[in-house]
Structures are given as structure tokens and as C-alpha cells.
Amino acid sequence: MGQKVNPNALRISINRSWISKWEANDAHQTAKWIIEDEKIRNFFLVNYKLAQIVETKIERTQKTIAVDVVAGQPGLIFGKDNANIKPITLAINKIVGRKINVSFNVIAFENTATSARLIAREIANAIEKKVSFRVAQKMAIKKALQQGHVKGIKTNVSGRLGGVEMAREEGYSEGVIPLSTLRANIDYAFEIAHTKYGTIGVKVWINKGEYFKKNSKKPFAASPKKWRTKKFERNVLKLPKEGE
């Protein structure tokens, strides 16, 4: 029996951090904020498809919210002369409430060929345009290896491939993908392609290398950093040293 773990979730607190950072007062507020975070992310994914959105980071307090959108084409989100900043801020306020102070920022993602989400979305778009699922995967792998200079990439598609009645899965792999090595920087993403035969799932794993070598004296966990926002700043909790 196969047991699979999301590579992103497996590496949280080791070399990855949460994309939503907040502390709710009770279970009711926790459920409410989870739904609001999902609505904010869907807002950007639906309205700014061409902006090549990699991820949306959200940090909250009881009276403030900071949204950082990591995108390959940040100019498409800002708009001409930053005309979209106010409408986006109002849209976020409509989701979280008028009394919440919203801070919005867009971070440029330079090498889009190393993003698993963008590669998966590219494969899904090709399948929706009736491109062969084999050709779509091979083209994405070739692009990542040539332009992204990654250590390895693995793709997988599942569903009614080619319109056949029996669902199946097929994938390709190039390079090294050490999914069980926690120090490896593995980027994973899942996207859905909508076709007339049904939905086809697209999975992509990208190995960007290792944070440090096996015999390195560096600490296993990534060093904590401050996540700064426009209107407020929150420090990462530092663990006490031995003997303190």
C-alpha cells in the first residue's frame, strides 16, 4: 500500500515556513480565517491568471492583515501606474471586513522555470488546449532543465488520458528527486486540467538542490528571519540556547 506525503508539508519548520502566519483566539475564528485565506488566494488566481502567481503569503493580527503575492509578472497585478492597488485592497477588505487594516505587496519571482506551480499550470493549460499529455510533460521538463538549471524534475498526470474510458496515470522523471531527504529543497505543486472527458490531475516535483551538505556543521533547521510588512512587523520566535 502506497503512503504519500506532501513534500512541502513534510519540510515545514525544517527548511520551509507556513504561507499563513497568525494565531486565532478560538476554534470559530480559526475556521473563519482559514476560509478567508483561501478566498484571498482564489481571488488572485482567478483574476490574475497571466501574472504567473507562485504563492500568496498572509500574515494576520486581530486588526491587521498583510498579503504578499509572489508572481513572475508583478506588473500585471499592479496595473498601469499602480491603478490596481486600491481595487485589490478594497476586494481584500470585502473578504476580511472593513475594519481590518490591509497591507498589500507584490514580490517578483525571477526564475519562473524553477516554480513547480507554474510548471504544473503550464502542463495543465497545454492539456486543456488538446496538446498531447506526453508532449506537454516533456516540453515542461526540457524547459526546467535548460532555463531553471535544477537538479531534477518529476511530472505525473492522472485521469482519462487521451479520452480513454479507463483512467490511468503516466509520468516522466529527469535528474535526481530525493523526496526522503529533508535537507533537499523540493518544490511540489498540484494543478487540475479541465477537459471534455473530465478533470486530469497534474503533479510536479522539482529538486532545486540541497540547503547544506550531509556532513556540514550548520544547524539542520533554516535560520529564522523577519517577515516584514508595510504597516507592521512581527519577529520570528527564537528558541533559548542550552543552559539558559
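Begin by selecting H2 and H4, where H2 passes H4 in a right-handed crossing (the near helix is turned clockwise from the far one by less than a right angle; helices are DSSP runs of H or I with at least four residues, and strands are runs of E with at least two, numbered from the N terminus). The model is a predicted one, in which local features need pLDDT of at least 70 and side-chain atom pairs count only at pLDDT 80 or more, while totals for chains, interfaces and linings use all residues. Residues are numbered from 1 along each chain as its sequence is written, and side-chain values use heavy atoms, with hydrogens and water left out.

The axes of H2 (residues 27-47) and H4 (residues 85-96) come within 10 Å and cross at roughly 150 degrees (lines fitted to C-alpha atoms over the stretch in contact, with angles from 0 to 180 degrees between N-to-C directions). The two helices are therefore roughly antiparallel to each other, a term for angles over 145 degrees.

Next, show the side chains of Glu 36, Lys 39, Ile 40, Phe 43 and Phe 44 in H2, which meet Ile 88, Ala 91, Ile 92, Ile 95 and Val 96 in H4.

Now move to the largest nonpolar core, which has 22 residues (buried Ala, Val, Leu, Ile, Met, Phe, Trp, Tyr and Cys joined through side-chain atoms within 4.5 Å, buried being under 20% relative accessible area with a 1.4 Å probe, protein chains only). Select Ile 123, Ile 127, Val 157, Val 202 and Val 204, the residues with the most contacts inside this core. Helix H5 (116-128) is one of the elements that give two or more residues to this core, and H5 gives the most, with seven residues.

Note on methods. Angles under 35 degrees count as roughly parallel, over 145 as roughly antiparallel, 65 to 115 as roughly perpendicular and the rest as oblique. Contact means heavy atoms within 4.5 Å. Buried means under 20% relative accessible area, exposed over 50%, partly exposed in between (1.4 Å probe, protein chains only).
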